[in-house]
Amino acid sequence: MTASMPDVILTIDTGTSQSKVFWKCWSQGNTELLLMGSEFLEISPHDLIDTGLAGGRPENDAFIELANGKVYVLGMKAQQMRGKPPTGLSKYEFAAYKALAIIGAIAETANLPEQFTIALAALLPYKEYQDRKAFHDLLSQNLVSFNFRGRRYSISPLVLDVKPEGAGLAQSRRNDAPQSFNHRNILVIMIGQRDASLLPFKQGTPQSGHGTRLGFEQLIEEIANRASLNLDTKDSGRLTEYIFQAQQNPILLERIARMVVTEAEIGRKVEQLQDAISQSCSRYLRDLFDWINSSLGQDLYEFDEAIISGGTSLYLKTELEDFFAQYALEPSWAMNLQDQIYRSLANPIDPVLACRVSDAFGVFKLLGGKVSRLEGVANASWGVTIAR
């Protein structure tokens with residue numbers, strides 16, 4: 001390793017449901033997948049001392065202290081803390097501070113010194129991508145000096161790229177068949193927990209993208225309202241998972257019902273939930289398809305290919321395929337990237353999770369290729385899969 005090469009490379013997708021991160025020590029080591037919960041609280045330093053935050057996996061027990069004295073608790077640990085969500089922070093600020101905590105967690109996991117170098121690529125929803133310079137500058141500024149779990153770090157970013165959601169899917173498609181990509185009109189669709197993004201390409205050239213706040217979060221809110229689910233914070237967090245899984249395992253609707261009614265009322269509540277889910281999905285799909293139509297208009301008829309990803313898209317897979325069939329489009333689901341993820345990680349992961357992280361993995365491959373070129377060494381593994 002030369003002095004100009006990063007100690008760690010990583011790709012961060014700071015999603016609403018959880019942050020999804022691929023990383024590896026550049027000189028050696030396996031590709032790793034790190035997941036950090038989305039919870040984010042501001043607390044006082046006094047509360048931090050009182051609770052004695054120590055132990056556990058660092059991504060599940062994470063807190064950072066900035067140079068200005070602000071202390072934030074993130075992920076699983078924040079569920080148990082007294083604190084409040086920070087007010088007045090923009091989405092790119094949340095993303096930058098989550099990135100700091102993720103980098104700190106990786107440093108502790110890999111037993112890195114207090115000063116080291118990174119190559120980082122971050123993914124932002126298209127709507128937030130417009131603030132990419134502000135995100136870049138804020139993260140760069142705070143990497144100079146911050147504390148993670150009581151240890152001070154000073155980190156030098158040799159590469160700090162910011163990409164829109166869908167960039168990993170598009171670049172992977174381009175790398176797999178560059179001539180085809182450059183002669184076709186391709187639409188990349190990402191539908192996640194909070195946001196939906198559209199990235200169109202015409203003859204290989206990126207066009208203006210589109211983004212809106214229309215993810216699974218909005219569908220869950222509609223279901224909760226229609227089914228009169230008055231849940232506490234903890235059960236609200238479970239609701240998203242249960243609704244998603246109930247599509248394949250309807251018995252989970254009974255578990256939701258037990259959150260709000262007595263045993264004698266379970267049957268009635270399950271029927272109400274089924275009706276609420278049906279009506280809410282119909283409304284959500286109408287809103288989603290109206291947005292796609294209004295954003296792309298007649299261009300929809302000109303696309304040769306649609307690449308779809310994101311957890312919400314899996315929940316609505318049949319309806320999305322039916323919608324694009326109207327335009328003679330048969331969507332693909334980035335299965336090549338998912339196959340590469342399975343081969344690259346030492347431990348197996350769930351297919352739903354593989355779909356959710358495929359975009360981040362595509363950007364991780366792109367970043368690895370960029371670092372390989374900086375190093376001046378041909379690294380064929382980045383073209384197909386990441387070596388284990």
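## Cysteines, cores and aromatic pairs in a predicted model

Cysteine 25 has a relative accessibility of 19%, which falls under the 20% limit and therefore counts as buried. The structure described here is a predicted model. Cysteine 281 is buried as well, with a relative accessible area of 12%. Cysteine 281 takes part in no disulfide, since its nearest cysteine sulfur, that of cysteine 355, is 17 Å away, whereas a disulfide requires sulfur atoms within 2.5 Å. The disulfide count for the structure is zero.

**Overall form**

The protein chain contains 15 helices and 14 strands. Its C-alpha atoms fill a box of roughly 60 × 60 × 35 Å along the principal axes. Buried residues account for 53% of the 388 residues. Of the contacts with a separation of 6 or more, 66% join residues 24 or more positions apart. The protein chain exposes about 17300 Å², and carbon and sulfur atoms supply 47% of that area.

In soluble globular proteins, nonpolar side chains tend to be buried together. The largest nonpolar core here has 75 residues, and the members touching the most others are Leu10, Ile64, Ile118 and Leu139. Helix H2 (residues 91-109) gives this core its largest share, 11 residues. Leaving aside residues up to four places away in sequence, isoleucine 118 touches Pro6, Val8, Leu10, Ile103, Leu143, Ile155, Ser156, Pro157, Leu158 and Val159. A second, separate core has 48 residues, among them Leu253, Phe323, Tyr327 and Trp333.

**Aromatic pairs**

The structure holds 17 aromatic pairs. In one of them, the ring centres of phenylalanine 289 and phenylalanine 323 are 4.2 Å apart and the planes meet at 5 degrees, so the pair is stacked. Phenylalanine 289 belongs to helix H10 (residues 266-296) and phenylalanine 323 to helix H12 (residues 317-325), so the pair ties together parts 34 residues apart in sequence. Both phenylalanines also belong to one aromatic cluster, formed by Phe289, Tyr301, Phe323, Phe324 and Tyr327.

| Residue | Relative accessibility |
|---|---|
| Cysteine 25 | 19% |
| Cysteine 281 | 12% |
| Phenylalanine 289 | 15% |
| Phenylalanine 323 | 4% |

Note on methods: Residues are numbered from 1 along each chain as its sequence is written. This is a predicted model: local features need pLDDT of at least 70, side-chain atom pairs count only at pLDDT 80 or more; totals for chains, interfaces and linings use all residues. Side-chain values use heavy atoms; hydrogens and water are left out. A nonpolar core is a set of buried Ala, Val, Leu, Ile, Met, Phe, Trp, Tyr and Cys residues joined through side-chain atoms within 4.5 Å. Buried means under 20% relative accessible area, exposed over 50%, partly exposed in between (1.4 Å probe, protein chains only). Helices (H or I, at least four residues) and strands (E, at least two) are DSSP runs, numbered from the N terminus. Contact means heavy atoms within 4.5 Å. Accessible areas come from the Shrake-Rupley method with a 1.4 Å probe; for residues, only the protein chains shown count as cover. Rings of Phe, Tyr and Trp (its six-membered ring) pair if their centres lie within 6.5 Å; planes under 30 degrees apart count as stacked, over 60 as edge-to-face and the rest as tilted.
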